[in-house]
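Below is a short report on one protein model.

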Amino acid sequence: MSKDRSLLMQECSDALPERIVIIMGLTLTEKILKAHLVDGEYIKGQEIGIKIDQTLTQDATGTMAYLEFEAMGVPRVKTERSVAYIDHNTLQSGFENADDHRFIGSAAKKHGIYFSRPGNGICHQVHLERFGIPGKTLIGSDSHTPTGGGIGMIAIGAGGLDVAVAMGGGAYYITCPKVVKVNLTGKLRPWVAAKDVILEVLKRLYVKGGVGKVIEYVGEGVKTLSVPERATITNMGAELGATTSIFPSDEITKQFLKAQRREDDWTPLSADEDAVYDEELNIDLSELVPLAACPHSPDNVKSVEEIGKLKIDQVCIGSCTNSSLLDMLKVAHILKGKTIHPDVSLAIAPGSKQVLNMMAENGALATLIDAGARILESACGPCIGMGQSPNSKGISLRTFNRNFEGRSGTKDGQIYLVSPEMAAISAVNGFLTDPREIGDMPEFKLPEEFTINDNMVVPPASVEEMDSVEILRGPNIKPYPETSPLLETIDAPVSLKVGDNITTDHIMPAGAKILPLRSNVPKISQYCFAVCDESFPKRAERLGKSIIVGGSNYGQGSSREHAALAPLYLGVKAVLVKSFARIHRANLINAGILPLTFVNEADYDKINEGDELLLADIRQAIADGKSELIVVDKTNGAEIPVLCELSGRTKDIILAGGLLDYTRESMK
């Protein structure tokens with residue numbers, strides 16, 4: 001681990017004559033963040049506000065984001081480019097999803113937002129192809145927005161309300177991150193994939209290893225990776241808990257953008273040679289082997305040899321992690337002239353209309369169909385539990401990014417995360433197979449020019465026409481939950497106690513049954529924590545107000561703000577845990593829910609579900625800027641020290657009752 005830059009500069013200046021100043025080089029992360037800094041000082045660990053150039057939403061989070069944008073009273077977005085994608089809720093088994101799509105389309109048209117229609121593709125794949133620009137900042141209401149780091153963007157997943165504020169011209173606030181250097185050397189051996197690179201990083205750093213950090217990839221090995229391969233790595237960097245991940249923008253980036261007829265968007269960007277990093281990780285690409293993340297965590301990584309010839313029931317290829325044209329060409333090569341094993345169901349979802357069109361043109365699509373693959377819509381689909389749930393206790397190989405328990409839609413499903421190469425050959429053999437057994441690997445090249453057809457992207461109305469656009473609402477679309485300023489004193493029972501690594505899938509599940517309710521917080525709240533305790537929603541409603549207690553890394557996973565909005569609706573006033581995941585903590589603050597952490601993690605054991613907890617004079621304590629507080633367990637008499645670390649801005653948000661109230665007050 002390298003020394004902190006400020007310490008290095010001090011040591012250098014102490015050893016040199018006066019008036020000689022040593023200026024260290026900058027990382028790529030620092031260059032972009034400093035160029036966009038609008039509030040605060042660039043000091044690691046401090047809160048900073050950055051200007052946002054682009055935003056994206058998807059339909060599972062978009063309806064609420066645009067309701068929030070409306071509530072702010074800003075008539076038109078102030079970003080350089082904002083795009084609304086429809087890619088999550090595409091199974092229209094009732095009116096709800098279709099109504100949401102119609103609402104988002106009309107809101108986008110009125111407020112200056114580009115609208116990517118259902119079927120155009122997964123937000124991160126399409127944004128990489130058609131809108132992402134090196135050196136720009138992007139936040140999206142989806143945790144895998146860091147995909148944009150594959151072309152040299154600072155691209156960060158955020159809650160929908162943060163995205164709404166950015167669309168209105170407000171800064172986006174993050175903790176100034178540490179920067180981790182991942183030095184890539186060598187070259188991947190045949191049939192070892194970019195997926196294996198990020199699985200190796202997860203194996204070493206775990207799902208909490210990136211918290212408060214940006215993962216920056218450098219080294220000679222970077223030049224051996226295409227943009228789609230880089231995007232696979234940055235996409236799944238979200239599973240590290242990292243703020244984002246980023247690659248340099250180089251000649252390979254330029255060629256990709258040129259093939260997309262966007263060469264003018266290219267800018268060369270890289271870290272300075274003498275850049276100083278906070279941590280360093282070295283990976284020799286030539287030493288990597290095919291890997292898989294075993295149930296039920298992306299960091300439960302083993303080699304294919306360690307797992308062995310595991311009999312499988314299902315294979316799913318696609319998602320924002322592995323649905324590029326390059327991935328599909330590799331899969332088609334492996335499946336050509338073969339038939340899927342009779343005991344295996346294979347589903348494939350190309351990532352975008354562009355990918356699907358080009359597969360149809362070059363014959364790859366026919367190859368997949370001939371082999372027995374089921375071709376799905378260009379959408380997220382099974383990655384978020386929207387169809388293709390495996391059989392009970394079924395073993396499913398997926399090229400996705402998450403394998404949390406129950407996320408597939410089958411509670412006891414055994415989900416393994418693998419590369420497209422491993423998925424394809426395993427689907428043929430019927431068991432987990434090392435793709436290196438395939439034989440010689442041809443050179444897979446991206447086309448010199450992609451097929452460009454943006455007819456599924458609807459531009460917004462002009463400034464002159466926007467007032468005449470009617471926003472279309474269905475009966476399932478409900479307003480943002482009611483909020484109120486922070487209470488003078490919080491005296492409430494513990495409605496739920498949970499353990500470590502609780503994900504947002506635990507707090508607010510997805511799937512075909514629940515996702516259509518994303519625009520209806522009262523209804524969706526009835527599924528809150530259903531994975532952990534089905535009785536929680538009724539109990540929380542009966543209590544009126546309550547506190548949740550949890551373990552470490554609470555709220556990891558998706559950016560879904562519904563994991564904060566549903567507890568808000570159910571009367572949760574505070575969440576007390578060992579540690580928080582970044583996005584979820586921000587979402588709790590945005591919802592006006594007090595985020596507390598144990599000073600001593602052992603105190604977690606002193607509290608039981610049902611205990612009554614007291615935070616006396618909490619409003620005054622927060623207003624006075626106190627970060628160390630005392631929680632009194634009135635049931636057993638324990639006095640427990642806790643931390644509530646809020647900056648001036650987040651303190652004011654909590655006092656106001658949430659970001660929406662704070663923003664409205666600030667705009668008066």
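How much space lies in the second largest pocket?

## The second largest pocket

The model described here is predicted. In it, the second largest pocket holds about 750 Å³ of space. Its lining is made up of 27 residues, and those nearest the centre of this pocket are T224, S226, E229, E443 and F444.

At least two residues each come from α8 (227-236), α9 (251-259) and α11 (325-335). Helix α9 gives the most, with four residues. Sorted by class, the lining of the second largest pocket has 15 nonpolar, three polar and nine charged residues.

## The largest pocket

The largest pocket has a volume of about 1,000 Å³. It is lined by 35 residues, and G45, T175, R582, R585 and E645 are the closest to its centre.

Both strands and helices contribute here. The elements β8 (172-175), α19 (582-590), β24 (594-598) and α21 (648-656) each supply at least two residues of the lining of this pocket. Among the contributors, α19 gives the most, namely five residues. The classes in the lining of the largest pocket are 14 nonpolar, 11 polar and 10 charged residues.

## A parallel sheet

The next topic is a sheet. Strands of a sheet pair through backbone hydrogen bonds, and the pairing is either parallel or antiparallel. In this model, four strands form an open sheet with parallel pairing, in the order β11-β10-β9-β12. Which strands stand at the edges of the sheet? They are β11 (244-246) and β12 (279-284); each has a single partner strand, so one side of each is left without a neighbour in the sheet. On average, and with direction ignored, neighbouring strands of this sheet are turned by 20° against each other.

One pair can be followed in more detail. Strand β10 (residues 213-218) pairs with β11 in the parallel sense, over three bridges. For E216, the bridge partner in β11 is I246.

## A helix on the sheet

Conventions
Residues are numbered from 1 along each chain as its sequence is written. This is a predicted model: local features need pLDDT of at least 70, side-chain atom pairs count only at pLDDT 80 or more; totals for chains, interfaces and linings use all residues. Side-chain values use heavy atoms; hydrogens and water are left out. Two strands pair if DSSP finds at least two bridges between them. Axes are lines fitted to C-alpha atoms, for helices over the stretch in contact, and angles run from 0 to 180 degrees between N-to-C directions. On a 1 Å grid over the protein atoms alone, a cavity is a set of points where a 1.4 Å probe fits but cannot get out, and a pocket is an open set with protein on both sides within 12 Å along at least five of seven lines; lining residues have an atom within 4 Å of a point. Grid points are joined across faces, edges and corners, and a volume is the space filled by probe spheres set on the points. Ala, Val, Leu, Ile, Met, Phe, Trp, Tyr, Cys and Pro count as nonpolar, Asp, Glu, Lys and Arg as charged, and the others, Gly among them, as polar.
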